[in-house]
Amino acid sequence: MNIQFVIMQLFNGLILGSIYVILSLGLTIIFGMLGIINFAHGAFYMFGAFVAYTIIAYLIPNFWVALVMGPIVMALLGAACEAFILRRLYNLPPLYVMLFTFGLMLVLQDFIRMVYGAAGVPFRTPSLLDGAINLGFMFYPKYRIFLIIITSFCSLGVWLFLSKTKLGAIIRAGTDNSIMVDALGINISRIFTFVFGMGIGLAGLAGVLAAPLQNVSHLMGVDFLVDCFVVVVIGGMGSISGSIVGGLIVGEIIAIGVMVWPPMAHTLIYIFMAAFLLIRPRGLFGREAFHE
Amino acid sequence: MSKSKKFTQLMAVVVLILGFAVSSAFSAETLKIATLTDMSGPYAELAGWGNINAAKMAIEDFGGKVLGMDIEYVYRDHQCKPDLANQKAIELYEKEKVDVIFDCPNSASGLAVNNQALRYKKIFIAITSGTTRYTGDLCNRYTFHWAYNDYVLATSAGMWAADNLGKKWYTITADYAWGHDLLKHFSAALQKRGGTLLGNEMVPLGASDFSPFIIKAMNAKPEVLALLNAGKDTVNSTKQAVEFGLRKQTKIVHALLFPEDIKAAGPEVFADNYVTASWDWKVDQPGSKEFVAKWMKKFGRPPNWFNAGNYSCVTQYLLAVKRAGSKDPQAVVKALEGHRFSDFFASPGYIRPEDHMRVGKAYILRAKKPSEIKEAWDYFQIVGEVPMEQAYMNSKDTGCKMGDF
């Protein structure tokens, strides 16, 4: 194992981490604002990939169009979900919402399986990003480099939106105390819908971005969902910076695990999470009131 | 209770009792066949309904009866989970009282059924799973292995590729029983042809990111990369190998590759890769084109060789029952052992009594480039053939001690 390989692997870890970052951003926003543990997040990620595939295969054969339209469609789907169904469950014990999202996950997965079959569908990298860049000691795929760049922009965008805009301020206030925000005359239920939609839109974006790298099938979200929860827990539930840092950490742990002890690579993140929680239950940047 | 209600209840009980009597009278007259397959797990597209339909078609084409008995057919889903497979096998042999179980994808599941077959002293014919242990250390008098095994996959593709593609190999292996078995046989085949294995990567089953292993493989600069995995892992590993530009210097050989995988990922992903197959719908054997035409008419697409294997196997089993003159498992086993035949799938075929392996020839397939594909499902070109005697392991070396009943 030479130094070049190690550097390459650490870089790979960033790529993997990038997908986790975008996925967890959505999950943590939804949890932070709405207090909902969205078990269907992985399924929405998968659904986003299939929406993109459908756009490319049947409507406009252009990856970039799908990259923009896919998350928008998913955001609308998420918003509709919240407005028409989830909203009615808020008065019930939290278990009901969790059950609903779990059931929704199963429905989404099986729906895709029925429509597209169990083997999956083809998804190519866009021709602009096809091929690899010669880094001297090896070739590295252009698409993966693009992934890191776009993820950085997205994370920055989300962070800027939430910390610098008025709507962002309202959302953050609502996360802290939604009753007070409501009492101040702001239509909190519309904010909820928007936030849920945004979270799902981010999940869909992650799905479209990950699609060229792997087998796009109805089960592609299953593995990612649990890892996503690990990221959110490590980073702190409800914290944006937590998801970003947490996502990259988890990606790197898996990358290092694969170098050092491949069968345990995935398990290592759970061990890390457990150890981390023992020291700091709130996660990296989580809010104290929740956990201590 | 009113009089009419009492009467209705009495009639209901009488009908039930009569029903039981009648049905038990009938059950002695039927031959009950079962397919245990993966209908909702990772191999559902390859096996699943395709294999069930193949069995149904075989029974139908046989006439639905044998030796005056009606043939009853059931199927179960084991989702590629060994514990579920074990449970279903017990249910089929004990509760449903089936006479034979066919198929069982996923070697770990198959080995569980193998156990139950010996326990219940009923026949099990593994078709879609590949482990050589069915005909090796875990062989028993009631289990047969039909369409292929890991040795064939590895040796045919291995020897042909070592002769034609290159002698310096690297392998990426799915880290479980099947992967290990394949690695063993591929390495042996490679060595026989004077090749060298530069390195191997064990990858956890179901991993979605193969990039570190591909990078390692590329660093070693092999002439051939063997991907010892199947289904989703094959798609992911190949897609990512292409992404990293591995195919510019290295040829890829697969353990298993099906038209369904190629369709799922897109033909450009698999173009110019090689694999072994026991049969292909383009093969020019007697009866092959007719079978394909019949299947196409009914299902709108050609059968894959798992489906074809299931059809062939069920038919040969029914013929064995006829030869034996009884459905008694021991008699049927004896009728199967040593039988030489020729059908559209195996031409010729021979069921070895020493280890219960159905041997036949193997084909080497090359996945076509998108520009070469002329019609739907036309994904492969047949580039080589390995005769029956070389394709399968010599029965002296399998390690099978075929016991008694």
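Cys104(B) is located in the loop between strand 4 (100-103) and helix 4 (107-120) of chain B. Helices (H or I, at least four residues) and strands (E, at least two) are DSSP runs, numbered from the N terminus. The phi angle of Cys104(B) is near 60 degrees, a positive value in a residue other than glycine. Another backbone feature of chain B is the cis peptide bond between Ser347(B) and Pro348(B), with omega about 10 degrees. Pro348(B) belongs to the loop between strand 12 (340-341) and strand 13 (349-351) of chain B.

The model is predicted: local features need pLDDT of at least 70, side-chain atom pairs count only at pLDDT 80 or more, and totals for chains, interfaces and linings use all residues. Residues are numbered from 1 along each chain as its sequence is written, chains are lettered from A and ligands numbered from 1 in the order in which they are written, and side-chain values use heavy atoms, with hydrogens and water left out.

The contact between the chains (heavy atoms within 4.5 Å) involves 28 residues from chain A and 28 residues from chain B. Together the two chains bury about 2,400 Å², 57% of it on carbon and sulfur atoms; buried area is the accessible area (1.4 Å probe) that two parts lose on being put together, summed over both. On the side of chain A, Phe5(A), Arg144(A) and Asn215(A) lose the most area to chain B, together 20% of what that side buries.

A salt bridge is a side-chain nitrogen of Lys or Arg within 4 Å of a carboxyl oxygen of Asp or Glu. By this rule there are 29 salt bridges over all chains, and four are found across the interface of chain A and chain B. Two salt bridges between the chains are listed below.

| Residue in chain A | Residue in chain B | N to O distance |
|---|---|---|
| Arg144(A) | Asp209(B) | 3.5 Å |
| Arg124(A) | Glu268(B) | 3.5 Å |

In the pair with Glu268(B), that residue lies in helix 10 (residues 267-270) of chain B, while Arg124(A) lies in the loop between helix 4 (94-116) and strand 1 (132-134) of chain A.

Finally, the surface of chain A carries a nonpolar patch formed by Val68(A), Met69(A), Ile72(A), Val73(A) and Leu76(A), with about 420 Å² of accessible area together. Patches are made of residues with over 30% relative accessible area and no salt bridge; like charges are joined within 9 Å, and nonpolar side chains (Val, Leu, Ile, Met, Phe, Trp, Tyr) within 5 Å. Accessible areas come from the Shrake-Rupley method with a 1.4 Å probe; for residues, only the protein chains shown count as cover. Val68(A) is part of helix 3 (residues 63-84) of chain A.
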